[in-house]
Amino acid sequence: MKLLSNLRLIALLAALLLLTTSCVMPHTTPSNLSEAPASDTTDPSSSESLPEVQSRYFFANINAMRKTLPESTDAIVMLDGYTIAGDGGGGLFYWDSSDTTPDNGGTVIAPKGADTGRYHRIFDGMTFNVRWFGAIGNGSADDTEAIQAAIDALPDNGGEVILPGGTYRISKPLEVGNGTKDTPSTKNGIRLIGMGSSAGHETISLTYIRPKQEMEIMMKINGPIADCVISGIQFYGDGKVDGMMQMTDMVGCTIENVSAKNFRKTAYIYTAVSAVGSHDNLFKSVGSGNFINETTGIFIGGNPEAGALVSNTVFTDCRFDTSQTDNSIAAHIQYAEKLTFFRCHLNVYKFDTCTGLLLDATAKDGYPRQNSFYDCSVTRLYVSEDETHTIGHTFLLGHGTYDNEQFAKHPHIFGLTDIGTIIGANGKDN
C-alpha cells in the first residue's frame, strides 16, 4: 500500500469522520453519497460501463467496487463485505487515480477495464485477513485461492495472515515462501495465525484446514526461508492427504499450537535440501494423531549428499501419537543433530508393531547424533543400523517410566530415568 502524505492522511481522516457521522443518521442518504446495490453479484469481468461516483460512498461487495470508477482523486469508500455484508471482507479503502499496482484481490482492487486507478485498503500494512480475499471458512467452499492470495499479498519482509475461526477447505497445497534448493525465498517473516487448534475452547471458533480433494501435502514451507510462524491451526486429512506440512530449509521459524489428524503417510516432514539446512527453529505444542495404519507422526532428516542437515531445533510440549494403529512411528529421526526435546510424548499403544522413536542411521554414519530428550515419555525407542552405519550419541534425561516406556539398550544411548536409573555404558540398563 502506498504511503500517504501527511496532508492527504489528514484529509482522509476528516472525510472518514464525515462518513461516520452520516452512518449514524437513520434512513438518511446524503446528497453526495452513492450507494451500490445491496445484492450486486454481477461478474466483475462483464463489459458493462463503469458508473462515475462522487468522493464518499458505500459498496455492498467487491463486485460492486470493481464496476465503479471514482471521479475524484481522493475518494474513500466503505466496503460492507467481500460477498455479503458482515462476512469479514469489508473495510475502508482510499482511491489512487494514478496507481497501476496489480490487483491482489484483497488490499488492492482495480476497477474493471481501468488501466490506472486502484482502491487501496486502509490498514497497518502488515496484518492481512483471509476474509478480505474472499475466504469463507464454512466447511464446504474451496478457500484455496483466497488463502494463497493473502499469503502472496504480504510484503517481502513478511507480516501476518489471520485465519479467523472456521473450517477452510483447500484443493491444493498452500505455499509459504518461494525458495528452492538453489535460491532463497524472496519473502521471509511470513506468519499464518489461526484461532487455535486445541479442544476445550467453548467461547471461540477454532481454525481448521481440511482437504477439498485428495492431495499429497496440505502446506509447504519453501526455503531457504527465515522467521516464519505457523500457529493456531488444526489440519484434518480426512484420509485424503499423504501429509500435512512439509518444511524445507527453515531458519528461525516457529510452529506452535498446530495439530494434524487422519493423514495417510507422514504428518510433518521437517527436512533440508540445501547447504543452508534447517536450524534454529522451535516446535511448541505441536501434535499428531491418526487412525490409519503404517503412518508417521513426524519425520526429521536432511540430505547427506547435499550436506543439507537438520540441526539446533527445540521441541517443547509436543505429542506425536500412533493411537491404535499398526506398524506406525511417532517420530523418525535420520540425518539430524542437536535436537532438543522438552516434556514431549512419543507414544504408541501397540508395543508389538509400533515405534515411539526411531533413530535411523542408514542415511549417514554417525547420525542422528547429539540429540537430547528431557523429561520425555517415549513408549518404544528403536535403533536402525547396518554394518557400516551406526547412530551417534543420544541423551535421555529424566526419561519417563510411568507409561511402561521401553528404550533400546545401545552403547551410544546415555542418560537417567525419572526414578534415578542410569542409562548407558555404566548403568545396569546397558
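Where is Ala306 found? In this predicted model, Ala306 sits in the loop between strand 22 (296-301) and strand 23 (310-316). Ala306 is partly exposed, with a relative accessible area of 35%. Leaving out residues up to four places away in sequence, Ala306 touches Val273 and Ala275. The C-alpha atoms of Ala306 and Ser274 are separated by 6.2 Å. Along the chain, these two residues are 32 residues apart.

The protein contains 3 helices and 34 strands. Of its 430 residues, 53% count as buried. Contacts were also examined by sequence separation. Among those with a separation of 6 or more, 68% join residues 24 or more positions apart.

Nonpolar packing was considered next. In soluble globular proteins, nonpolar side chains tend to be buried together. Here, the largest nonpolar core has 74 residues. Leu192, Met245, Tyr268 and Ile300 have the most contacts inside this core. A second core is separate and has 12 residues, including Ile62, Ala64, Met65 and Val77.

Aromatic contacts form a further group. A pair of aromatic rings is described by the distance of the centres and the angle of the planes. The structure holds 14 aromatic pairs. One of them joins Phe59 and Tyr119, 6.0 Å centre to centre. The angle between their planes is 90°, and the pair is edge-to-face. Phe59 belongs to strand 3 (residues 56-59) and Tyr119 to strand 8 (residues 118-121), so the pair ties together parts that are 60 residues apart in sequence. Phe59 is buried, at a relative accessible area of 3%. Tyr119 is buried too, at 0% relative accessibility.

Phe123 and Trp132 also pair. Their ring centres are 5.2 Å apart and their planes stand at 80°, so this pair is edge-to-face. Phe123 counts as buried at 17% relative accessibility. Trp132 counts as buried at 13%.

Elsewhere, Tyr270, Phe283, Phe315, Phe341 and Phe373 form one aromatic cluster. Arg210 lies over the face of Tyr236, at 4.3 Å from the ring centre.

Cysteines were examined last. A disulfide is a covalent bond between the sulfur atoms of two cysteines. The structure holds 0 disulfides. Cys344 is in no disulfide. For Cys344, the nearest cysteine sulfur is that of Cys318, 4.5 Å away. Cys344 is buried, with 1% relative accessibility. The cut-off for a disulfide is 2.5 Å between the sulfur atoms. Cys376 counts as buried, at 2% relative accessibility.

Methods: Residues numbered from 1 in each chain as written. Predicted model: local features only at pLDDT ≥ 70, side-chain atom pairs only at ≥ 80, totals over all residues. Heavy atoms only, no water. Phe/Tyr/Trp six-rings, centres within 6.5 Å; stacked < 30°, edge-to-face > 60°. Helix = DSSP H or I, 4+ residues; strand = E, 2+ residues; numbered from the N terminus. Buried < 20%, exposed > 50% of the residue type's maximum accessible area, 1.4 Å probe, protein only. Lys NZ or Arg CZ within 6 Å of the ring centre and 35° of its normal. Core = buried A, V, L, I, M, F, W, Y, C linked by side-chain atoms within 4.5 Å. Contact = heavy atoms within 4.5 Å.
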